[in-house]
Amino acid sequence: MIAAPPVRRRQVWWATGLAALVLGAVLAAGACGDPGKTVAGLVVAVDAPAGTVTGFTLRTQDGETLEFVIGALEVDGAAFAASHLVEHAATLQPIAVGYRVRRGMNVVHRMVDAPWAAPSS
């Protein structure tokens, strides 16, 4: 077996080091990203033109009304799809929402059932 010339080995090490540096920067940028906000409450209105849910209005436990638009939703684990909001609006079962503020809009990325946020009777 013939060994690679020393110049070529240095290029490989340099390229490997550069790739590791870039990967580290990407991971660090993701870790420092906007963690978002959460809120819980009742769905009081659903925006569904042409049958596709595009947004909704939530009344929080404090009585505040917030409007949301649907973003790229996480639907793993306990999270649910936007179409399920219609059922929550009809039954007044509370939800918790994970969202980020983008260009002045509350953009939802995760929704889950929130039985702990039910109004007390």
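Figure 1. T57 is buried, its relative accessible area being 14%; the structure shown is a predicted model. The residue belongs to strand β2. Apart from neighbours within four places in sequence, the contacts of T57 are with L42, V43, V44, A45, T65, L66 and E67. Burial extends to much of the strand: five of the six residues of β2 are buried, so the strand is largely enclosed by the rest of the structure.

**Figure 2. Pairing of β2 with β1 and β3.** β2 pairs with β1 in the antiparallel sense over six bridges. In β2, G55 is the residue that stands opposite D47. The pairing of β2 with β3 is likewise antiparallel, and it runs over five bridges. Here R59 stands opposite T65 of β3. In a regular strand, side chains alternate between the two faces of the sheet.

**Figure 3. The β2-β3 hairpin and residue T65.** Four residues lie between β2 and β3, which form a hairpin. In the turn, G63 has a positive phi of about 90°. T65 lies in strand β3. When neighbours within four places in sequence are set aside, T65 is in contact with T57, L58 and R59. The C-alpha atoms of T65 and G41 are separated by 9.2 Å, although the two residues are 24 residues apart along the chain.

**Figure 4. The largest nonpolar core.** This core comprises 15 residues. Those with the most contacts inside the core are F56, L58, F68, L85, I95, V97 and M111. Two or more residues are given to the core by each of β1 (37-47), β2 (55-60), β3 (65-74), β4 (95-102) and β5 (105-113). The most is given by β4, with three residues.

Figure 5. V97 is among the residues with the most contacts inside the largest nonpolar core. With neighbours within four places in sequence left aside, V97 is in contact with K37, T38, V39, F56, L58, F68, V108, R110 and M111.

**Figure 6. Two loop residues with positive phi.** L92, which is not a glycine, has a positive phi near 55°. The residue lies in the loop between α2 (85-91) and β4. L92 counts as partly exposed because its relative accessibility of 48% falls between the 20% limit for buried and the 50% limit for exposed residues. R103 also has a positive phi, of about 50°, without being a glycine. The loop between β4 and β5 is the place of R103. With a relative accessible area of 85%, R103 is exposed.

**Figure 7. Overview of the protein chain.** The protein chain contains two helices and five strands. From the N terminus on, these elements run in the order α-β-β-β-α-β-β. Of the 121 residues of the protein chain, 26% count as buried. Among contacts between residues at least 6 apart in sequence, 50% join residues at least 24 apart. The chain exposes about 8,300 Å², of which carbon and sulfur atoms supply 61%.

Note on methods: Residues are numbered from 1 along each chain as its sequence is written. This is a predicted model: local features need pLDDT of at least 70, side-chain atom pairs count only at pLDDT 80 or more; totals for chains, interfaces and linings use all residues. Side-chain values use heavy atoms; hydrogens and water are left out. A nonpolar core is a set of buried Ala, Val, Leu, Ile, Met, Phe, Trp, Tyr and Cys residues joined through side-chain atoms within 4.5 Å. Buried means under 20% relative accessible area, exposed over 50%, partly exposed in between (1.4 Å probe, protein chains only). Contact means heavy atoms within 4.5 Å. Two strands pair if DSSP finds at least two bridges between them. Accessible areas come from the Shrake-Rupley method with a 1.4 Å probe; for residues, only the protein chains shown count as cover.
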